[in-house]
Amino acid sequence: MVTKEELKKVKIPKAKELIHTENRLAPGHRLCAGCTAGTIARLATLVTDPNDVVIFHATGCLEVATTIYPYTAWKLPWYHNAFENAAATASGAEAAFRAMVRKGKLKKIPDIIAFGGDGGTYDIGLQSLSGAMERGHDFVYICYTNGAYMNTGIQRSGGTPMYAATTTSPAGSVIPGKIQWRKDLVAIAAAHKIPYIATASPAAHRDLMTKVRRALDADGPAFILVDMPCPRGWRFPEKDSVKVAQLAIDTCYFPLYEIYDGKEYVLSPKSKAIANKPERKKPIEEYLAAQGRFKHLFKPEKRTDLIAKFQEALNKEWEYLLKLVNL
Amino acid sequence: MTKAVTSKAKRIGMTGDEAVANAAAVINPDVVAAYPITPQTIIVEHFSEFVNNGEVDTEFVCVESEHSAMSACVGASVTGARVFTASASQGVALMYEILFIAAASRLPIVMAVANRALSGPINIHGELTDQTVCRDTGWISMFSESAQEAYDNTFLAFKIGEHPDVSLPVMFGLDGFILTHALEGVSPLDRKFVKDFLPERQMKYPTIPGNPVSSGLLALPDYYMEVKYQQELAMEAARKVIPKAFEEFGEKTGRYYGMIEEYQMEDAKTALVTMGALSGTTKFVVDKLRKNGEKVGMIKVKTYRPFPGTELAKALKDVEAVGVIDRDLTFGAPGPALYSDLKTTLYNYKNRPQIFGFIAGIGGRDVLVEDFEHIYKQVLNLKGTEKPVPIEWVGLRK
């Protein structure tokens, strides 16, 4: 049994060691320029032992772009089943490995990672994920959220931010894009009282890798929600992906934190710095203005009312998180 | 407490569901992932008891839906594990999406289907439509006439599906309530038999640590067709593997099966053709009619996929008229599942009977001896007609 305190001490190798580690996601995949899904997948798998890990994948950008038959960019054992069932698929594999260990055919249950996008996790795959977390399978679910069904052409999901224009929530003359706030997927995961949950960002790469390693070391299910800036869907220049990810942290739209046992909330360094010095918190307007999906909030006229509403909702969310951290 | 029957004993009273649960216990699969649904529940309930009483080594994943049941089966099976599940009706319908993937991934998962009518209206009783609608999924599909046959099919399904030339999932049906809940004498098998008949599954490219193989890839128009054609080749290979598996099973147990079973067909001029539990009553009616001098026989179709076309054509070459009794539905089609397949199969044969279709036993409606006698009379009446004859819904309330 890995205790919570032991988990908090889990560290990853130093950068100078990691740069000599072979990438498990080979170049030549067909992700878009500036896409951070590949970055996330590389960072996450860099802290695994290639001989002791198995990857399961939901249908989505990362899956489609890395495994077009007869090619694969993956240097790890990898299986894709369908869109909504990466968690159920991984849970079946975990059960099989458990049986193999019992029968002496395998030394230990390997690290198991299931990747899914926000469409495959917030929406169509939520039941499958909930079931797997409730049953307590020892695996890590990494949801990379780009806040829409990017693979099928930028349709809204339960993870799409308020006011974002998508092809199914367009910025119309009457309705300004998506009108609902995003679903609090992390809170849903926390309600399952699983040993480890975290949010992560490609703008905090060592933090992301550390969290993946902690998630893998935890006994039982672990869930990581990773912000995944998408130049195509969010409408920003390809070179700005990490900058946009950083803005999401700085504006507290995507705060970084961990949850142990579904109840102990711990802020990660970048968000903790903001909590300690609130003046560091940037206005949401900066985040919104950086992305074309929110351009209707600025042109033809600036919608200060909507921007203020967004800021207000966000403030409440951040304050609530701080309460949870200080419980 | 229900004890698993894992030793070769004399005949033991079991319901069809109990028989399947006991067969699964003897096989002792690595993983069972299942979700309860009437009339399949007894299978998962009994199996859960076997797990919790330590009578099997299986990891039982009690999932939150059938969609996840089949998804977990797929996840387990890609590691090379031996995997079993059971479902029915709505449950099979919910799995539908993943059934195709299981077959395309060439995973020999075995599923017992406690055949039940599909909603709506909601109904829990026997009908084969839940399985016949899976005909295009790429699964091998068999039916059972009795609890004994359901029991035996559990072993046969693994034997056939895991054969390296086949490597396909296999489902077998047992009519809801009629077989699932009726008590019959079943001759059990033991683990020694399994060790001999079902050696460990060998998987060529398992998703296991240290084996960097990608599977479940995106195949675009340049390769998709070839992948699907390989599935067809696997089905064709199954045509050769299945009779051998039946033969070996027969030699070891004394219970012989065929892709079709011919009953009283030697000199038959008329034949009734059906699948599943209706076969038993059909045989009884054939015996009764034979006593009155009628030259009638019956054919039971055991393997629905691959469809035993050649075998049926051979068995029916000297027959004048056939009545096909389907306990399954399709709408706006030339006819129900078995009828359509049989008619299509025989069209190009020179010596072929006339074929008339009957739909019976829908939603668990009783099919009585008189109904079969009526069907037989209708076939005799219709024989020789040159007009198209609509499918008759037997016993329909007017």
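This is a predicted model: local features need pLDDT of at least 70, side-chain atom pairs count only at pLDDT 80 or more; totals for chains, interfaces and linings use all residues.
As background, nonpolar side chains tend to be buried together in soluble globular proteins.

Staying with chain A for a moment, please look at helix H3, residues 37–46, which is mostly covered, with 9 of its 10 residues buried. Among the buried ones are A:Ile40, A:Leu43 and A:Leu46, together with A:Gly38 and A:Thr39. The buried residues of this helix pack against helices H2, H4 and H9 and against strands E3, E4 and E6, which also belong to chain A.

Now to the place where the chains meet. The contact takes 39 residues from chain A and 39 residues from chain B. On the chain A side, strands E1 and E2 and helices H5 and H7 each supply at least two residues, and H5 gives the most, with 12 residues. That side of chain A divides into 21 nonpolar, 12 polar and 6 charged residues. There is also strand pairing between the chains: 2 bridges join strand E2 of chain A, residues 78–80, to strand E9 of chain B, residues 214–215, and the two strands run parallel. In this pairing A:Tyr79 stands opposite B:Ser215.

Turning to chain B, the domain assignment gives domain 1, residues 12–253, and domain 2, residues 260–393, and the C-alpha centres of these two domains lie 28 Å apart. The contact between them takes 28 residues from domain 1 and 19 residues from domain 2. On the domain 1 side, helix H5, strands E6 and E7 and helix H8 of chain B each supply at least two residues, and by class that side has 12 nonpolar, 11 polar and 5 charged residues.

Two of those elements, E6 and E7, bring us to the sheet of chain B. This is an open sheet of 7 strands in the order E3-E2-E4-E5-E7-E6-E13, with mixed pairing. Its edge strands are E3 (59–62) and E13 (303–305), each of which pairs on one side only, and the twist averages 20° from one strand to the next. Within it, 4 bridges join E6 to E7, which run parallel, and B:Phe143 stands opposite B:Gly173 in E7. Helix H6 of chain B, residues 147–161, lies across E5, E6 and E7, running at about 170° to E7.

Most residues other than glycine have a negative phi, and most peptide bonds are trans. Against that background, which peptide bonds are cis? One runs from B:Thr38 to B:Pro39, with omega near 0°, and B:Pro39 sits in the loop between strand E2 and helix H2. Another runs from B:Ser119 to B:Gly120, with omega near -5°, and B:Gly120 lies in the loop between E5 and H5.

B:Ser167 has a positive phi of about 50° and is placed in the loop between H6 and E7, while B:Phe177 has a positive phi of about 65° and lies in the loop between E7 and strand E8. Are these residues buried or exposed? B:Ser167 counts as buried because 22 other C-beta atoms lie within 10 Å, where the cut-off is 20 or more. B:Phe177 is likewise buried, with 21 other C-beta atoms within 10 Å.

Conventions: Residues are numbered from 1 along each chain as its sequence is written. Chains are lettered from A and ligands numbered from 1 in the order in which they are written. A residue is buried if 20 or more other C-beta atoms lie within 10 Å of its own, exposed if 12 or fewer, and partly exposed in between; C-beta atoms are placed from the backbone. Two residues are in contact if their C-beta atoms, placed from the backbone, lie within 7 Å. Ala, Val, Leu, Ile, Met, Phe, Trp, Tyr, Cys and Pro count as nonpolar, Asp, Glu, Lys and Arg as charged, and the others, Gly among them, as polar. Two strands pair if DSSP finds at least two bridges between them. Domain bounds come from an automatic or database domain assignment. Axes are lines fitted to C-alpha atoms, for helices over the stretch in contact, and angles run from 0 to 180 degrees between N-to-C directions.
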